[in-house]
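Open the model in your viewer and keep the sequence panel beside it. This tour goes stop by stop: select, look, move on.

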Amino acid sequence: MSESDTRIRQKVARIITESAEGGLSEADLDRAGGSLPALGYSSLSYIRMIDAIENTFGIEIDQDEEDDRLRSVDGIVALVAAQDESAHV
């Protein structure tokens, strides 16, 4: 994992836990293997998370097109990294 991916992962994990309004810790996220559905992540938490990711990373996320990627930390990191790379090409 590159330094950039590590930085993205740390920010994404923080955003995910903050979007859950204190009902989730990074340790919980690790125990669930990064799977948000396994944690019972609510639809409101998803909306907050997507908004925070878009604002933090300056990207736009099409929720319908990226639904599968938005279900895990790895998927979200890959999504952010891909949009970050395309912005610098």
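Select Ala38, which sits in the loop between α2 and α3. Helices here are DSSP runs of H or I, at least four residues long, and strands are runs of E, at least two, numbered from the N terminus. Ala38 counts as exposed because its relative accessibility is 57%.

A word on what is on screen. This is a predicted model, in which local features need pLDDT of at least 70 and side-chain atom pairs count only at pLDDT 80 or more, while totals for chains, interfaces and linings use all residues. Residues are numbered from 1 along each chain as its sequence is written, and side-chain values use heavy atoms, with hydrogens and water left out.

**Helix α1**

Select residues 3–19, which form helix α1. The helix has 17 residues. From its first C-alpha to its last it reaches 24 Å, close to the 24 Å expected at 1.5 Å a residue. The expected span is 1.5 Å times one less than the number of residues.

Which residues of α1 are buried? Colour Ile8, Val12, Ala13, Ile15, Ile16, Thr17 and Ser19.

Next, pick Arg14, also in α1. Arg14 is partly exposed, because its relative accessible area is 35%. Show its side chain together with that of Glu18: the two meet in a salt bridge, 3.5 Å from N to O. A salt bridge is a side-chain nitrogen of Lys or Arg within 4 Å of a carboxyl oxygen of Asp or Glu. Arg14 and Glu18 are four residues apart in α1, about one turn of the helix. An α-helix has 3.6 residues a turn, so residues three or four places apart point the same way. Also check Ser25, eleven residues from Arg14 along the chain. The C-alpha atoms of Arg14 and Ser25 are separated by 8.8 Å.

Go to Ser19, in α1. Is Ser19 buried or exposed? Ser19 is buried, because its relative accessible area is 5%. Leaving aside neighbours within four places in sequence, Ser19 is in contact (heavy atoms within 4.5 Å) with Tyr41, Ser45, Arg48 and Met49. Zoom in on Met49: its backbone nitrogen lies 3.3 Å from a polar atom of the Ser19 side chain.

Just after α1 comes Glu21, with a positive phi of about 55°. Glu21 is exposed, because its relative accessible area is 57%. Its side chain meets that of Arg48 in a salt bridge, 2.8 Å from N to O. This pair links distant parts of the chain: Glu21 is in the loop between α1 and α2 (26–31), Arg48 is in helix α3, and 27 residues separate them. Arg48 counts as partly exposed because its relative accessibility is 32%.

**The ring pair**

How many aromatic pairs are there? The count comes to one aromatic pair. Select Tyr41 and Tyr46: their ring centres are 5.0 Å apart and their planes stand at 85°, so the pair is edge-to-face. Rings of Phe, Tyr and Trp (its six-membered ring) pair if their centres lie within 6.5 Å; planes under 30 degrees apart count as stacked, over 60 as edge-to-face and the rest as tilted. Tyr41 and Tyr46 are both buried.

**The core**

Now show the largest nonpolar core, which has 24 residues. Such a core is a set of buried Ala, Val, Leu, Ile, Met, Phe, Trp, Tyr and Cys residues joined through side-chain atoms within 4.5 Å. Ile16, Met49, Ile53 and Ile76 have the most contacts inside this core. At least two of its residues come from each of α1, α3 (43–57) and α4 (73–87). The largest share, six residues, comes from α4.

Centre on Ile76. Not counting residues up to four places away in sequence, Ile76 touches Val12, Ile16, Leu36, Met49, Ile53, Arg69 and Leu70.

**Last stop: the loop between α3 and α4**

Select Glu66, in the loop between α3 and α4. Glu66 is buried, because its relative accessible area is 15%. Beyond neighbours within four places in sequence, Glu66 is in contact with Ile61 and Leu79.

Finish with Asp67 and Arg71, whose salt bridge has its closest N and O atoms 3.0 Å apart. Asp67 is partly exposed at 34%, and Arg71 is partly exposed at 38%. The salt bridge count comes to six.

Notes. Buried means under 20% relative accessible area, exposed over 50%, partly exposed in between (1.4 Å probe, protein chains only). A polar contact is a pair of N or O atoms within 3.5 Å; within protein, one must be able to donate a hydrogen and the other to accept it, and residues adjacent in sequence count only if both atoms are side-chain atoms.
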